[in-house]
Amino acid sequence: MSSLPFARCGFHYNTYSCYLEERFGERVQRVSLDGAFTCPNRDGSRGSGGCIYCNNLSFSPPYASVKQDISKQLEAGIRFLKGRFGAHKFIAFFQSRSNTYAPVKKLERLYRQALDHPDVVGLAVSTRPDCLENDVLELLKDIGRDYDVNLEIGIESLNEASLRWMNRCHDLACTRDALDRAAAYGIDVTGHMILGLPTETREEMLESTGKLNILPLKFLKLHHLQIIRDTALAKYYSDKPFPLFGYEEYLAFVAEFIAQLRSEFILQRVISSSPDSCLIAPKWRHSTTAFVMDLQKQMRERELYQGLCANAK
Ligand code: SF4
């Protein structure tokens, strides 16, 4: 436990909020922005149907409206988050679709428009592994001289069959190449992982931590698979239902998963949190906050903590 540098009191894993407070000396909130990007898995250059689970409405907050320019979205987001959390520093988070999928000049204009706000201390950019040219990495490295920069990459799974099932339209070699190049530019990277895919057993998911532990990642976001309205997965699930994680089952599973992660990772997320209006299944009664509290209890009672059983292979 003592080797977990960002484990908030009572937590058995490194939390992002604790990391941000250590880094900035106060609470920092992310403001989600929509830069009106598209995605190569939607516009036909890689695929046209999108990933099986994708519905962008499920991860865009109401203030990140593409009808407004970045400055207006940022103002609205900051106003909302100041009122709700009393935060004074913010990270501009380009979240919806593939936020590096545009000429680098356009990206620089949008990113710097957000960074111009005096309360913004950092930039977070979410994208796919096949949308990461070296000139974009150079830009992020350059911005990183003055701001906190976090590149989020959708890994989703380290299993080729799962990537095909999800219709990701890229393979593992592409993921590894993107991560290696981002590391070469010294950029802090988050890896997104989906847990509960029907193409992987629980044992295979746990085993994948060995591969995850040797990737050049600083942060992780763990998502339990959710069925979201108006997606290809909703249709698939309706035609061929398959087991999804129950609340207690996911609690027990993710506690073990975290125990197998190396102790340096910082966890930005341990559960998905799509709005109820979009969610078909699994429907849990508990909030994300309740889940996080239950996870602490579970890890404490089972004497599990991040890094306890970490391996690398
Ligand atoms: S890469 Fe992201 S935006 Fe593109 S289809 Fe997949 S989930 Fe949707």
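Here is a briefing on the sheet and the helices around it.

This is a predicted model, where local features need pLDDT of at least 70, side-chain atom pairs count only at pLDDT 80 or more, and totals for chains, interfaces and linings use all residues. Residues are numbered from 1 along each chain as its sequence is written. Helices (H or I, at least four residues) and strands (E, at least two) are DSSP runs, numbered from the N terminus.

**The sheet**

- An open sheet of 7 strands runs in the order β1-β2-β3-β4-β5-β6-β8, with parallel pairing; two strands pair if DSSP finds at least two bridges between them.
- At the edges are β1 (28-33) and β8 (266-269), each of which pairs on one side only.
- From one strand to the next, the twist averages 25°, with axes fitted as lines to C-alpha atoms (for helices over the stretch in contact) and angles running from 0 to 180 degrees between N-to-C directions.
- As background, strands of a sheet pair through backbone hydrogen bonds, either parallel or antiparallel.

**Strand neighbours**

- Strand β2 (residues 89-94) and strand β3 (residues 120-127) run parallel and are joined by 5 bridges; isoleucine 91 stands opposite glycine 122 in β3.
- β4 and β5 also run parallel, with 6 bridges between them, and glutamate 156 faces methionine 193 in β5.
- On to the next pair: 6 bridges join β5 to β6, again in parallel, and glycine 191 stands opposite leucine 220 in β6.
- Because 7 of the 8 residues of β5 are buried, β5 is largely enclosed by the rest of the structure; buried means that 20 or more other C-beta atoms, placed from the backbone, lie within 10 Å of a residue's own.

**Helices and the sheet**

- Helix α6 (residues 172-184) lies across β4 and β5 (188-195), at about 165° to β4.
- β5, helix α7 (residues 202-212) and β6 form a right-handed β-α-β unit: with the strands pointing away from the viewer, the path from the first strand over the helix to the second runs clockwise.

- The axes of helix α2 (residues 70-85) and helix α3 (residues 104-115) come within 9 Å and cross at roughly 35°.
- Ile70, Ser71 and Leu74 of α2 make the contact with Leu110, Gln113 and Ala114 of α3; residues are in contact if their C-beta atoms, placed from the backbone, lie within 7 Å.

Note on methods
Contact = placed C-beta atoms within 7 Å. Buried ≥ 20, exposed ≤ 12 C-beta atoms within 10 Å, placed from the backbone.
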